[in-house]
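The sequence and the model are shown first, and the notes follow.

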Amino acid sequence: MALFDLDHTLVPFDTGMAWTQHLIAEGELEAHYADEYLAACQAYVAGTLDILALHRRMVGAIAGHPRPRLEALRASLSEAMQARVPQATRDAVAAHRAAGHACLIVTATTRYVAEAFAPLFGIDTVLATEPAVDAAGRWTGEVEGEPCFRAGKVRHVERWLQARGLSLATAGPSWFYSDSISDLPLLEAVDHPVAVRPDARLAALAAERGWPIRRLDGSDPA
């Protein structure tokens, strides 16, 4: 089983910002919203904004939009992102698929955005933060259940496996690719942790523990 973080791992950018910029380009948001989202991301990294507040910032502005319009926006986002996905990450996923490994995206970003990227890698299963919906099927701007974040990623993976009568201990060899020290719980839970363009803390830890460090941008040694 091969698990992949999304932002700055499978793609070398923040998918929430890509979504925000796409909405601006489509006339759904005013241009200043990109600066507001960036400020929220910076506050999140600094520890002054939690994952729930960041999620609200990303989806709240269009929470009341009808589902057909959101589906159309997501489809056009996926098409627009084709050229921004490095071939090296596609190849990494393809190598696992060729080996018969189940491939999953495991990401803190909202499922709605993550599912726009999954088809670009031929990945069918996405474990993500679930956006809450109202009786009419529209986003409320809130989160349903536990965010898929930090130790929550481990629990999301374990629940997915339990539904199939498996666990991380019994599912066979497992890999997890991530750029962030925030993903340490899942990196430590798999058999083969892989650091991808890691942040400073993860880079130091990966070097100390002998974990592979990759860029997945075509510059890794053959």
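## Helices α1 and α4

Helix α1 and helix α4 (residues 67-81) pack at an angle of about 110°, and their axes lie 10 Å apart. Helices and strands are DSSP runs numbered from the N terminus, a helix (H or I) having at least four residues and a strand (E) at least two. Axes are lines fitted to C-alpha atoms, for helices over the stretch in contact, and angles run from 0 to 180 degrees between N-to-C directions. α1 and α4 are therefore roughly perpendicular to each other; angles of 65 to 115 degrees count as roughly perpendicular, under 35 as roughly parallel, over 145 as roughly antiparallel and the rest as oblique.

The crossing of α1 and α4 is right-handed, a term used if the near helix is turned clockwise from the far one by less than a right angle, with anticlockwise giving left-handed. Ala-18, Trp-19, His-22 and Leu-23 of α1 meet Leu-73, Arg-74, Ser-76, Leu-77 and Met-81 of α4, where contact means heavy atoms within 4.5 Å. By class, this contact has six nonpolar, two polar and one charged residues. Ala, Val, Leu, Ile, Met, Phe, Trp, Tyr, Cys and Pro count as nonpolar, Asp, Glu, Lys and Arg as charged, and the others, Gly among them, as polar.

## Basis of the model

The model is predicted: local features need pLDDT of at least 70, side-chain atom pairs count only at pLDDT 80 or more, and totals for chains, interfaces and linings use all residues. Residues are numbered from 1 along each chain as its sequence is written, and side-chain values use heavy atoms, with hydrogens and water left out.

## Helices α1 and α2

Helix α1 (residues 15-25) also packs with helix α2 (residues 32-46), at an angle of about 165° and with the axes 9 Å apart. That makes α1 roughly antiparallel to α2. Gly-16, Met-17, Thr-20 and Ile-24 of α1 make the contact with Tyr-33, Ala-34, Tyr-37 and Leu-38 of α2. Six of these residues are nonpolar, two are polar and none is charged.

Eight of the eleven residues of α1 are buried, so α1 is largely enclosed by the rest of the structure. Buried means under 20% relative accessible area, exposed over 50% and partly exposed in between (1.4 Å probe, protein chains only). Among the elements covering the buried residues of α1 are α2, α4, β2 (103-110) and β4.

The largest nonpolar core has 47 residues, of which Phe-4, Leu-10, Trp-19, Phe-117, Phe-121, Ile-123 and Trp-139 touch the most other members. Apart from it lies another core, of 21 residues, including Trp-160 and Leu-205. Such a core is a set of buried Ala, Val, Leu, Ile, Met, Phe, Trp, Tyr and Cys residues joined through side-chain atoms within 4.5 Å.

## Individual residues

His-8, in the loop between β1 (2-4) and α1, has a positive phi of about 65° although it is not a glycine. His-8 is partly exposed, with a relative accessible area of 34%. Arg-150, in the loop between β4 (139-144) and α7 (151-162), has a positive phi near 50°. Its relative accessible area is 48%, so Arg-150 is partly exposed.

Arg-97 lies in helix α5 (residues 87-98) and is partly exposed at 47% relative accessible area. Not counting residues up to four places away in sequence, Arg-97 touches Cys-103, Phe-121 and Gly-122.
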